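Welcome! Take a moment to look over the structure below, and then we will walk through a few of its features together.

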Amino acid sequence: MTNAIAETSPYVPQWAEISRIEQLTNTEKLFELSLLNGRPLGHRPGQFIELSIMGIGEAPISVSSAPSERNTFELAIRKVGNVTSAVQNFKTGQRVGIRGPYGTSFPVEECRGKNILFVAGGIGLVPARSFIHYVLNHRNDYKDIIILFGARNPGERLFLKELEQWANRDDIRYLESVDRPDPNWTGNVGVITTLFPKFQVNPAETYCVVVGPPVMYRFVILEARAKGIPDNRIFVSLERRMKCGLGKCGHCQINDVYVCQDGPVFRYSDITDLKEAL
Amino acid sequence: MNLRIMDKGELKKFVQNLLAHYRVEGVVKNNGAYLYDTIDSPEQLCMDFDCTRYPPKKYFLPPRETLFHFSTSPELEVSPVFESPPQVIFGIHPYDLKAIAILDKVFSKDPPDPHYLKRREASFLIGVDPKRISPHSFWADMGAASVNEGFDLMFTDLEDSYAVEIGSASGETLISTYARTQPATGDEKSKRVTLRTNLYSKSLINGLDFPSYEIPKLLEHSKESPIWRENANKCLSCGACNFVCPTCYCFDVQDEMDLDLKQGTRYRKWDGCLLKDFAKVGSGENFRESRTARYRHRFYRKGLYQLDTLQDFACVGCGRCASACLADIADPVRVFKKLKQEYREGGK
């Protein structure tokens, strides 16, 4: 009790202004924001923030954009709970609270010079996108890039323009699938693991990044292992109830791990003993 | 060690003097239960309780605590709230002092929590050695029968007087300013040691039948034990074990808007890992939906998960969880003994 105690509260957010809003699907919107203090958010790919709406509450949201020179950052938000529903009604120029960034990030440095296999299911594309953008912004630093994206149905596909651009680039490989097609769907049908037979990787040189709904991890990891990718080069980002972001409130705990500080990005070999992780 | 002796009659005057200068919180008897409450006369103060129903953690982590006030109109503004009323907490058993030291570790760990730390800094802790032991207590097993630090003053009832150990400079100031004491004699010192030794032995009677350092190993071995499901099947998911626990500190954060819809408060309130929605996220996914997973999580958190952070168990052996549990499944002694029995029968 001898150290001076701070006069500021780690629970008080900074303000950020919404500069652009884009409707992604029926349930998701993309918000471009900038902090009122004029500084960049200072995040690394894969980190999250606590989005705060006064009178409603806070929710942990993955940052969807790559770190950049610009002061803006992006959050893609699905309407599911109190905060994420309330923010859907916000307009350009309105302000929200931001705490963070918090948590671990994707292994940007470690993957340099290697192949990366991205596997994103549904809204898992949102956190994965921060790393995908980073890699595409530094394309020459990385070798072969494969992006797999799976959605439950065509209507849940996010970032349509970007998906199309990725599909048309010849310096990356983009594959996608939907579980339940509609009559206009001409692409692959099936769960995301059905894409694995369609490509080869050199397992000695490849990292795998997996982000998706809880049910997806076990199956995708089995496929990645079958390709020969070792557990210590598989990275996952886990969703939990990160309420405080400060390693205190207990809600995000998986066994002895606080996801808000020890995660959300984990090296798979570090969590194979965590009974409740996947 | 600085040990002083206070005559029994002097205690009243000491408390009276404290009341003239501080808010004094102490143990009172209310409808048969021992509770921490504000006292306004020395007669209310109880020094020979066995165990209070709730721990003193509420003084540093209140059941509900405002983190900040905000206004949304005309401008978005936030002003943090730090409440740190100077207070004397009189009559804390060693196991609860140990629990406070555990909470100190949690809330000063980076990033530190100034809301907790400011309350803590403004509090004087006056300990008292137990004279009686609650039937569910097993604090000797958990290394919490007595403490050498973490208090400002520590009282021990020597029958015709009190021994008062001075544990800090502010404790020294309190006792020298507000009470008359004399140095302890050799006899008084050894009497205190004897009393503590007897107490230690008595607390072992209701305790474990193996050393507590085996608990982590037992838990490692027992993830699939049938005891989790058997007991969890009776669990009411009420969270009583969490709320009465001196080392449970999980909390939820919520907003409350004033009626004018322009201002409000963000506050935190106690939460408990046994409650059904504790690990539920916005999408509806609940990461510990089964009672078994929640029930097991609490025992692992007490005996295994927090070892790295705390360098100690997150259980001090007060036994309040066992007393509070309506389904009678929370007693750590019974659970750990059962795990030990399964371990032996497993031939390991």
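## Before we start

A polar contact is a pair of N or O atoms within 3.5 Å; within protein, one of the two must be able to donate a hydrogen and the other to accept it. Please keep in mind that this is a predicted model.

## Where the two chains meet

With that definition in hand, we can turn to the interface. Between chain A and chain B there are 26 residue pairs in polar contact, both residues being at pLDDT 80 or more. On the side of chain A that touches chain B, strand E3 (48-53) and strand E4 (57-62) of chain A each supply at least two residues. What kinds of residues make up that side of chain A? They divide into 17 nonpolar, twelve polar and twelve charged residues.

Contacts between the chains involve 41 residues of chain A and 52 residues of chain B. Together the two chains bury about 4,000 Å², with 58% of this area on carbon and sulfur atoms.

## Salt bridges across the interface

How many salt bridges are there between chain A and chain B? The count is four. A salt bridge joins A:Arg241 to B:Asp252, and their closest N and O atoms are 3.2 Å apart.

## A hairpin in chain B

Now for a feature within one chain. Strand E2 (residues 23-30) of chain B pairs with strand E3 (residues 33-38) of chain B in the antiparallel sense, over six bridges. Across this pairing, B:Tyr34 in E3(B) stands opposite B:Lys29.

E2(B) and E3(B) form a hairpin, with two residues between them. In the turn, B:Asn31 has a positive phi of about 50°.

Technical notes. Residues are numbered from 1 along each chain as its sequence is written. Chains are lettered from A and ligands numbered from 1 in the order in which they are written. This is a predicted model: local features need pLDDT of at least 70, side-chain atom pairs count only at pLDDT 80 or more; totals for chains, interfaces and linings use all residues. Side-chain values use heavy atoms; hydrogens and water are left out. Two strands pair if DSSP finds at least two bridges between them. Helices (H or I, at least four residues) and strands (E, at least two) are DSSP runs, numbered from the N terminus. Contact means heavy atoms within 4.5 Å. Buried area is the accessible area (1.4 Å probe) that two parts lose on being put together, summed over both. A salt bridge is a side-chain nitrogen of Lys or Arg within 4 Å of a carboxyl oxygen of Asp or Glu. A polar contact is a pair of N or O atoms within 3.5 Å; within protein, one must be able to donate a hydrogen and the other to accept it, and residues adjacent in sequence count only if both atoms are side-chain atoms. Ala, Val, Leu, Ile, Met, Phe, Trp, Tyr, Cys and Pro count as nonpolar, Asp, Glu, Lys and Arg as charged, and the others, Gly among them, as polar.
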